[in-house]
Amino acid sequence: MISFNTSSTVVVTCFKHFASVLSKEIAALGYGIQETFGTGVVLHGSLNDCIRLNLHLRCAVQVLYSLKQFNSQSADELYKNVYAINWEEILPVDGYFSVTGTVFTECIKNTMFANLKVKDAIADKIRDRKQSRPDCGAELSGAVVHLYWQEDEAEIFLDTSGESLSKHGYRKHPGSAPMLEALAAATVITANWDRKSPFINPMCGSGTLIIEAALLATHTPPGVFRMNYAFMHLLGYTSEYYDAEKVKLEQQIIPADRQIFVATDHDPKAIDIAKKNAIAAGVYDLIQFSVCDFEATAIPEDGKGIVFFNPEYGERLGDERELEAVYERMGNFLKHRCGGYFGYIFTANPNLAKKIGLKTKRKIPFYSGKLECRLLEFELYDGSRKMKSDSTTGDKL
Ligand SMILES: C[S@@+](CC[C@H](N)C(=O)[O-])C[C@H]1O[C@@H](n2cnc3c(N)ncnc32)[C@H](O)[C@@H]1O
């Protein structure tokens, strides 16, 4: 049986531009970071550490535990190296597993073929040792083995997550053009927000941003919602460590002030969906929802916080020309109504961003799927300190 206490290399993967936020999340859990690269963070840890990372991380996609690194220049070499691993000590013979791969090599024609070789090697090894073999397929609901193969260097990991961690498990109703939960969390973490002052989210749609903000403020990690992870399907897994971590997660949740969360949208259906999602996430009582045009959103005078917009950007919803006026109105709203706050607009459209007409303090790159986006930050001066106007907003988006 594989030991859940033995340390190895752990690679936590994420979407492009998330690695710095992810490395801060990992460091906050007390782990030393060995390396941060474009789409991930490398550290040293055991399978029990992987359990903890899976339960806590908001911005990750997968937590990979390294089993073996080797040189491989052909499909046959890949097979031999994978076969040499004692899979009968890792995967239950009566279980189910799947194989995923990230392959950048000329040594093989396609990723599917590489994955198939890995799957065959695992199944053959277990059959040779146990006279029977586990089922396998494409579903990520059981154990998951991950192949990383670049040029002639290959590495076999246990993907301890299975289904992507980027979905946090509370959203039952997507609405139209929702943000992925990990993306919403990463933008909120990146924003200049102390998690105590008002978080105002006009155009809230299905509520992903306001819900992620409320989850951050109440110290509620995604592990509270999810019940199945790939690590649960490995030989040697006992629920002891996981159960103890779950209890700790629940004990760390703190109350937050209802007054600080405001979510509005002009579409009553969106508000209805956002309310259902907030109920599923356990934060409904913390959020004041209303149906209104964003300009009618009440901005609390006390304790200036942040105003966060995720408007349509003319890709999936809305027409670009009509949206120009909306972006201009958002700029005016931030300038005249949100003094003392920090304003944020998350958009993928640089032309529309120019219409905001405010000077950006930061332009932080993100990806939403394949779409390059920016989180635009505006420092909105109060009273006598006049907001500087600048028509170049977003020109480098
Ligand atoms: C891109 S969606 C927001 C998605 C949201 N972040 C989520 O995760 O579901 C934009 C939202 O803005 C709302 N909206 C557009 N124009 C508006 C306006 N003038 N006032 C208020 N809401 C508006 C739409 O109804 C839509 O729900």
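Buried means under 20% relative accessible area. Keep that cut-off in mind for this tour of a predicted model.

**Stop 1: helix H2**

Select residues 47–56, helix H2. Here 9 of the 10 residues are buried. They are Leu-47, Asn-48, Asp-49, Cys-50, Ile-51, Leu-53, Asn-54, Leu-55 and His-56.

What covers them? Show strand S1 (8–13), helix H1 (19–28), strand S3 (40–45), strand S4 (62–71) and helix H7 (239–252); the cover includes these elements.

Now zoom in on the start of H2. A side-chain oxygen of Ser-46 reaches to within 3.3 Å of the backbone nitrogen of Asn-48.

**Stop 2: helices H3 and H4**

Select helix H3 (residues 75–83) and helix H4 (residues 111–130). Two packed helices are described by the angle between their axes and the distance between the axes. For this pair, the axes come within 8 Å and cross at roughly 35°. The crossing of H3 and H4 is right-handed.

From H3, look for Ala-75, Asp-76, Leu-78, Tyr-79, Val-82 and Tyr-83. They meet residues of H4, including Phe-113, Ala-114, Lys-117, Val-118 and Ala-121. Colour the H3–H4 contact by class: 10 residues are nonpolar, 6 are charged and none is polar.

**Stop 3: the seven-stranded sheet**

Move to the open sheet of 7 strands. Trace its order: S11-S10-S9-S12-S13-S15-S14, with mixed pairing. Which strands form the edges? They are S11 (287–291) and S14 (362–368), each pairing on one side only. On average, neighbouring strands of this sheet are turned by 20° against each other, direction ignored.

Pick out S10 (residues 261–265) beside S11. These two strands pair in the parallel sense over 5 bridges. Click Asp-265: its bridge partner in S11 is Val-291.

**Stop 4: Ala-217**

Finish at Ala-217, in helix H6 (residues 208–217). Is this residue buried or exposed? Ala-217 counts as buried because its relative accessibility is 6%, and the cut-off is under 20%.

Beyond residues up to four places away in sequence, Ala-217 touches Trp-193, Arg-195, Ile-254, Ala-256 and Phe-261. Lys-172 lies 45 residues from Ala-217 in sequence and 22 Å away in space, C-alpha to C-alpha.

Definitions and conventions
Residues are numbered from 1 along each chain as its sequence is written. This is a predicted model: local features need pLDDT of at least 70, side-chain atom pairs count only at pLDDT 80 or more; totals for chains, interfaces and linings use all residues. Side-chain values use heavy atoms; hydrogens and water are left out. Axes are lines fitted to C-alpha atoms, for helices over the stretch in contact, and angles run from 0 to 180 degrees between N-to-C directions. Helices (H or I, at least four residues) and strands (E, at least two) are DSSP runs, numbered from the N terminus. A crossing is left-handed if the near helix is turned anticlockwise from the far one by less than a right angle, and right-handed if clockwise. Contact means heavy atoms within 4.5 Å. Ala, Val, Leu, Ile, Met, Phe, Trp, Tyr, Cys and Pro count as nonpolar, Asp, Glu, Lys and Arg as charged, and the others, Gly among them, as polar. Two strands pair if DSSP finds at least two bridges between them. Buried means under 20% relative accessible area, exposed over 50%, partly exposed in between (1.4 Å probe, protein chains only). A polar contact is a pair of N or O atoms within 3.5 Å; within protein, one must be able to donate a hydrogen and the other to accept it, and residues adjacent in sequence count only if both atoms are side-chain atoms.
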